[in-house]
Amino acid sequence: MNSKPGIGRALRVIRAVRGITQKELAQRIGVKPSYISLLEAGKRNNPSTEFLIRLSKATCVSKVAITALSMSYGELRYEPNETKINLGRFLLGFATREFSE
C-alpha cells in the first residue's frame, strides 16, 4: 500500500473497510473507475470538494475522517482478519459513529 499520506491512501483504506471495489466506489460517486485508480496510485491529487462530499456520502465516512486518513503517516491499513486495531480502523470506526447512532 502507498506509504505516503494522501487521498489515494485514504481511498484504499475506506474501500477495504467498506468492502467495495474501485468500480463500485466510482459508480457511487459518479466518476470513472480510472479516476479512482489514479488517485489511489498517487498519480492524481487534490480532488475537488464536490468529490470529497460525494465520497463522504457514498461511504458514510465523515469528511473530517477522510481528511485525517489523508494526512496520516505511519501504519494505515485495514486487514479484516487481523485482531489488532490500527489507525485506519480506529478512525473509520470513530468517524462512522455519527451515521449509525
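# Reading a predicted helical chain

Me: Ser56 lies in helix α4, where helices are DSSP runs of H or I with at least four residues, strands are runs of E with at least two, and both are numbered from the N terminus. Is Ser56 buried or exposed?

Reply: This is a predicted model, in which local features need pLDDT of at least 70 and side-chain atom pairs count only at pLDDT 80 or more, while totals for chains, interfaces and linings use all residues. Residues are numbered from 1 along each chain as its sequence is written, and side-chain values use heavy atoms, with hydrogens and water left out. Buried means under 20% relative accessible area, exposed over 50%, and partly exposed in between (1.4 Å probe, protein chains only). Ser56 is buried because its relative accessible area is 6%.

Me: What does the side chain of Ser56 reach, and which residues is Ser56 in contact with beyond its neighbours within four places in sequence?

Reply: A polar contact is a pair of N or O atoms within 3.5 Å; within protein, one must be able to donate a hydrogen and the other to accept it, and residues adjacent in sequence count only if both atoms are side-chain atoms. Here the side chain of Ser56 reaches the backbone oxygen of Val61 at 2.7 Å. Contact in the wider sense means heavy atoms within 4.5 Å, and, with neighbours within four places set aside, Ser56 is in contact with Val61, Ser62, Lys63 and Ile66.

Me: Which residues of helix α2 are buried, and what do the buried residues of α2 pack against?

Reply: An α-helix has 3.6 residues a turn, so residues three or four places apart point the same way. In α2 (residues 22–29), the buried residues are Leu25, Ala26 and Ile29. They lie on the same side of α2 because they cover an arc of only 100° around the axis, taken from the directions from the helix axis to the C-beta atoms. Lys23 and Gln27, on the other side of α2, are exposed. The buried residues of α2 pack against α1 (7–18), α3 (33–40) and α4 (49–59), and α2 is followed by Gly30, whose phi is positive, near 90°.

Me: How many salt bridges does the structure hold, and which residues are joined into one network?

Reply: Side chains of opposite charge can pair when their charged atoms come close. The structure holds three salt bridges, each being a side-chain nitrogen of Lys or Arg within 4 Å of a carboxyl oxygen of Asp or Glu. Glu40 meets Arg12 at 3.6 Å, N to O, a pair that links helix α3 to helix α1 across 28 residues. Glu40 also meets Arg15 at 2.6 Å, N to O, and that pair, 25 residues apart, likewise links helix α3 to helix α1. Both Glu40 and Arg15 are buried, whereas Arg12 is partly exposed, with a relative accessible area of 32%. In α4, Glu50 pairs with Arg54, the closest N and O atoms being 3.2 Å apart, and these two residues are four residues apart, about one turn of the helix. Salt bridges that share partners join Arg12, Arg15 and Glu40 into one network. The side chain of Gln22 also makes a polar contact with the side chain of Glu40 (2.8 Å).

Me: Where in the chain is confidence lowest, and where is it highest?

Reply: Confidence is given by pLDDT, the predictor's value for each residue, from 0 to 100. The chain has a mean pLDDT of 76, with 65% of its residues at 70 or more. Confidence is lowest in helix α6 (residues 87–100), at a mean of 52, and highest in α2, at 96. Over residues 97–101 the pLDDT is below 50, and this stretch has four contacts in the model beyond near neighbours in sequence. Where pLDDT is low, the predicted coordinates should not be read in detail.
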